[in-house]
Amino acid sequence: MIKLTDLTKVYGAQTAVDHLSLEIPAGQIVGLLGPNGAGKSTTLKMITGMLRPTSGTVQVAGYDATTHLMEVKRSLGFVPESGALYESLTGLEYLRMVAALYGIEAEQADVRIQEFIQFFDITWQALGEKILAAYSKGMRRKIVIIAALLHNPPVLLFDEPLDGLDVNAAMGFKTLIQTLAKQGRTIVYSSHILDVVEKVCHRVVIIHQGRLVLDGAPAEVSAQHGGQSLEAVFSKLTGGDVLREKAENFARTFTPGGAEQP
Amino acid sequence: MVPSNLKAVQRRALYTLFDRIYKRGRRVQWNRDFNPEKSRRRQWLGYAIVVAMGMLMVGFVPGKTPFLVFVTLMHSFTTLVAGLGVMYACSEILFHEQESDILLHRPVETRLILQVKAWVIFNNIYLQILLFNLLAMAFALSRPEVDARFLVSHALALGLNILGTLSFVILAYHVCLKLFGRERLRNFMTTAQIVAAFAILFSSQASLRYFKAIDGSAWQPSVWLNCFPTVWLANLESLILGLPRTPFLWTGVVLALLVPLLLAWLALSVLAGAYEEAVSALNEQAPPRRVAPGQERRWAERWTLSWWAKIWMRDPVERAGFLLTLAQVTRVRNVKLKFFTRLLQFSTYPCYFMMAGVDAQSPWLGFFFPGVFGLIGYTLGDVILHSEEFSGADIFRFTPLPSPAALFYGARKATLVLAFIPILFIWSTVLVLLTRDVAILESLIPSVLFGLTCSYVPVLTKPSLIFSLSDPVGMAFSKGCLFQLLPMLVGALIGGISYFAQQVGLFHAWVLVLAVGFFFLSKFFRARLERQPLDLEAT
């Protein structure tokens, strides 16, 4: 469903993504991991067509992103890390606008929105009356997720989707994406919360400095590294294994009993 | 299944979206109790105010002038107002930093987004400008050469005026992107907007001043007048009304039709591809700036650590306010736009006085500056209160500061270094070169004193932390005018008294009175500011 071949993105002297090749079949949830600045978001943005690769190709649902960009975009649902929205619109105005961009009829869109808000515990009144700026962080995240799923796309890309969601909403969301994967949807799940990735994803991909450093099922990865947890493997591969000692040393620089009062 | 009319559906959805964003404005994001219904009702009130503001134009445009001058003045006035409206609309909806995260991954062409945005801006500004011209149009019908055709000709010319202005601004962005590349896009976009705003405001002001000074009785137009775009539109209207058809008129008509359409074609079609590049580039992270070892501190930071900066700003909080202001004014797009556009506009006001007949020999020269410097001082003080960084300002609320005074003092000093002193230097040089007499600088002393005092006023009228207030663009027009008018009026009074004092040989005594007066006034302002509690209520 998603095929990346030698994907590279260069900004000036900095290579954000370096010859990344990856193939994700239908029905699979892939956890995309990496430290800050590893190139995860850049990779996702190249898959969505928001960024043009410096070299290499992106194929989504059989369409090449350079030649059939609109088809690629129609096949995708994307939850960006920023959770950006037009804050001066009400939630309902925003979702109706998004539906129209995918050619969903207004009545059909309203029915679909009703189903989503029921799932996410949002009232129709709150959706129609308040502007998005007045929503809580979790509510805004729910609207961004609804806007990504509204047109029922075969490929879903999530960049830190749980950011701001409460425990119940996060649990519901995890079950939702697992069910969607069973129905044959391809899901890329980028996150820093390794526990969630370990539980939800069929496969884990770790990127470090723009390069692919690990690709495999969570259980296989753990087995290959002597039964270590995903967190320990991640730290080892991305140079974070010295952090514990570094943190302990740094903590010793704090004056016992708090800061000195003038 | 993709519907066959998808593009039309998308166009309608995008139109509704951008129209709402434009009408509600960015400021609505900070109004949690915003009610769309109430906003629609207020919109009608806004339109009524715009019609009433048209009285200004009726008052400004003299009735007994040749038709060409009359209509050119109407268009100059209109361009001034429309130019500001277009600039505001462009900064409101043309470039939204997070728009690529919202729209660019959806199946909609960026070209369509640009065209719909331009259409939204055009329609909204056109409606406002038509309403603004309504009274003047009715007034024009009393002229002997004007009949009902004028209503059509003027409506058409206004449309071309706004199309040209809007396309010019969008084209300025595209050209900057083409010339300077995406790496420096943010800076150049802001510069382009400032330059475009300045060009529009300056040319319309110049046109206003020039045509206002024309004596109607024996005036004959010459071909070079077609240098003014507003004259092209007046020529077009003359043609529609059947006035004598001269080569001058035809030249203007051709330019009036050709230039706006050509600009629109270039901005919205030929170079529209650049817009996609711009919107996606705004969302990209710039490559990290490489800093040589030992050069981690920027020049401004190094400067604030120097011994003489420490003498000028003893309090470290003051120095922090100074650095923060430098960063905001030179890096944050909204602040940069407000700061430099207004300063460019105000600092050129003396040019208009000169165009209106104040020359090097005029005894008035030097005495019309207090109003200008008062306005500049007030604006500097005002800009450093606004940048909508409510959460950023929270850091000051957490820290044990007794009042916002020290931060404001540092910020004020930064604006003096960045703007007040350079403008003072430029005008001092111009005056010395014009008069070839250094003694003229003496006449600027009242202006400097008044300008420095005015810079305290905003924070006293709106007690707040620096950079923590929302954008005043959304502030009521009347209130904005009042705040600008007051320094100008008081400045004019000071200028008038200074001139009189010079004529009667009491100038030095007057300067002394002013200096002492402003010293105590500033002291009073500072004492009040230091008594203000820190604004604890975060927005």
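Analyst: A salt bridge is counted here where a side-chain nitrogen of Lys or Arg lies within 4 Å of a carboxyl oxygen of Asp or Glu. By this rule, 16 salt bridges are found over all chains. The model is a predicted one, and every value below is computed from it.

Glu87(A) and Arg140(A) form a salt bridge in which the closest N and O atoms are 2.6 Å apart. Glu87(A) belongs to the loop between β6 (76-79) and α3 (91-101) of chain A, while Arg140(A) belongs to helix α6 (residues 137-149), so the pair ties together parts that are 53 residues apart in sequence. Both Glu87(A) and Arg140(A) are buried, that is, each has under 20% relative accessible area.

A second pair in chain A has another setting. Glu115(A) forms a salt bridge with Arg112(A), and the closest N and O atoms are 2.6 Å apart. Both residues sit in helix α4 (residues 106-119) of chain A; because they are 3 residues apart there, about one helical turn separates them. Glu115(A) has a relative accessible area of 41% and is therefore partly exposed. Arg112(A), at 29% relative accessibility, also counts as partly exposed.

In chain B, the side chains of Lys7(B) and Glu109(B) meet in a salt bridge, with 3.7 Å from N to O. This pair links distant parts of the chain, 102 residues apart: Lys7(B) lies in helix α1 (residues 6-24) of chain B, and Glu109(B) in the loop between α4 (99-104) and α5. Lys7(B) is partly exposed at 41% relative accessibility, and Glu109(B) is partly exposed at 36%. Salt bridges that share partners also join Glu93(A), Arg20(B) and Arg24(B) into one network.

Across the interface of chain B and chain A, the rule finds 3 salt bridges. Lys45(A) forms a salt bridge with Asp101(B), where the closest N and O atoms are 3.7 Å apart. The contact as a whole takes 34 residues from chain A and 40 residues from chain B. Between them the two chains bury about 3500 Å², and 60% of this area is on carbon and sulfur atoms. His105(B), Arg106(B) and Pro107(B) supply 20% of the area that chain B buries against chain A, more than any other three residues.

In soluble globular proteins, nonpolar side chains tend to be buried together. Here the largest nonpolar core has 133 residues, and those with the most contacts inside it are Tyr86(A), Tyr94(A), Tyr189(A), Leu14(B) and Phe18(B). Helix α5 (residues 110-140) of chain B gives the most to this core, with 10 residues. Apart from it lies another core, of 43 residues, including Val335(B), Ile376(B), Ala393(B) and Phe467(B).

Cys201(A) counts as buried, at 6% relative accessibility. Cys454(B) is likewise counted as buried, at 8%. A disulfide is a covalent bond between the sulfur atoms of two cysteines. The count of disulfides over all chains comes to 0.

Chain B has 22 helices and 0 strands, and buried residues make up 53% of its 539 residues. Among contacts in chain B with a separation of 6 or more, 82% involve residues 24 or more positions apart.

Most residues other than glycine have a negative phi. Asp121(A), however, has a positive phi near 60°; it is found in the loop between α4 and α5 (124-129) of chain A and is exposed, with a relative accessible area of 69%. Glu160(A) has a positive phi of about 50° and lies in the loop between β7 (155-159) and α7 (167-182) of chain A. At 12% relative accessibility, Glu160(A) counts as buried.

Conventions:
Residues numbered from 1 in each chain as written. Chains lettered and ligands numbered in written order. Predicted model: local features only at pLDDT ≥ 70, side-chain atom pairs only at ≥ 80, totals over all residues. Heavy atoms only, no water. Helix = DSSP H or I, 4+ residues; strand = E, 2+ residues; numbered from the N terminus. Buried < 20%, exposed > 50% of the residue type's maximum accessible area, 1.4 Å probe, protein only. Contact = heavy atoms within 4.5 Å. Core = buried A, V, L, I, M, F, W, Y, C linked by side-chain atoms within 4.5 Å. Disulfide = S-S within 2.5 Å. Buried area = accessible area lost by both parts, 1.4 Å probe.
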